[in-house]
Amino acid sequence: MNTLAEKVQQALVRAIDNDELVLPTLPEVALNIRQAAEDPEISISHLSKVIGRDTALSARLIKVVNSPLLRATQEVTDLHTAITRLGTNYSSNLAIGLVMEQIFHARSDVVEQKMRDVWRRSLEVAGVSYALCRSHSQLKPDQAALGGLVHQIGVLPILTYAEDHYELLADPVSLNHVIESIHPLLGDKLLGVWDFPEMLAKLPGQYLDLERDSPKLDYIDLVQVAVLYCHRGTDHPLASVPVSTLPALKKLRVDPYSDALRAELDEARSMFY
């Protein structure tokens, strides 16, 4: 590791340990949705009102319901029908995940572009996680998608820090190194602060552990397989991982080389765009 990357990493870890790092807060609309969804008797109309306050988010949910993976014979054109189709639990989890995009904003073009890239990758991983979960597991696809949407959330505080430290911004190699090294630690920290459910709160810190072998299939496994799938054919180091030996894949019991699976997952990649 070069000295700049090392220095920045130490400074960030120290700031995390001493609770001095200003972490982004969950968008207000996400907090409102979560609060509403905690009521077991919540009505579809009430959840529609809460989500409907954010027009961009409403449009996204309607679009998801009409995506090839979920599409029914009749096109859905309003939020109430979209939530009816997905169910209240499902809708609120997807909405909380999708609204994360609001935190991905930067002052400089360089950081803005990097944030866009991270978010685009997160959307792809969420779609593939969703499809893997729905077709090949007994777990909940909305939780798998939410896991995909937040798996790189720890990159955000690092990019925000870089905006205030020009020497890091001017050195993309060091910046990338710092991101790779500590975004998992920061992601766990963020999801903990945001009170994410336990099954997802440790996902950022564990999804890159390719030898991880939990007793049974979980959301970290699904996101890990989805991440590797989305890196295929790129020049990223994860593209060359031999997936057939992956414990997560063995638990999923799918043939990673089957044309049918590839077709399904390729379609899923754009599900949340």
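**Phe 272 and its surroundings**

Guide: Start at Phe 272. Setting aside neighbours within four places in sequence, Phe 272 is in contact with Arg 60, Val 64, Leu 94, Leu 98, Leu 123, Ala 126, Gly 127, Tyr 130 and Ala 145. Bear in mind that this is a predicted model.

Phe 272 also stands out in the largest nonpolar core, which has 100 residues. Together with Met 100, Phe 272 touches the most other members of that core. Helix H7 supplies the largest share, 12 residues.

Now follow Ala 145, one of the contacts of Phe 272. Ala 145 is among the buried residues of H8. The buried set runs from Pro 141 and Asp 142 through to Leu 149 and Val 150, with Gln 143, Gly 147 and Gly 148 included. What covers them includes helices H6 (88–98), H7 (109–136), H11 (172–193), H12 (198–201), H13 (203–206) and H14 (219–231).

Turn next to helix H4, residues 55–65. The axes of H4 and H5 (residues 79–86) come within 9 Å and cross at roughly 50 degrees. The two helices are therefore oblique to each other. Their crossing is left-handed. On the H4 side, Ser 58, Leu 61, Ile 62 and Val 65 take part; they meet Leu 79, Ala 82, Arg 85 and Leu 86 of H5. By class, this contact has 6 nonpolar, 1 polar and 1 charged residues.

Technical notes. Residues numbered from 1 in each chain as written. Predicted model: local features only at pLDDT ≥ 70, side-chain atom pairs only at ≥ 80, totals over all residues. Heavy atoms only, no water. Axes fitted to C-alpha atoms, helices over the stretch in contact; angles between N-to-C directions. Helix = DSSP H or I, 4+ residues; strand = E, 2+ residues; numbered from the N terminus. Parallel < 35°, antiparallel > 145°, perpendicular 65-115°, else oblique. Left-handed = near helix turned anticlockwise from the far one by under 90°. Contact = heavy atoms within 4.5 Å. Nonpolar A, V, L, I, M, F, W, Y, C, P; charged D, E, K, R; others polar. Buried < 20%, exposed > 50% of the residue type's maximum accessible area, 1.4 Å probe, protein only. Core = buried A, V, L, I, M, F, W, Y, C linked by side-chain atoms within 4.5 Å.
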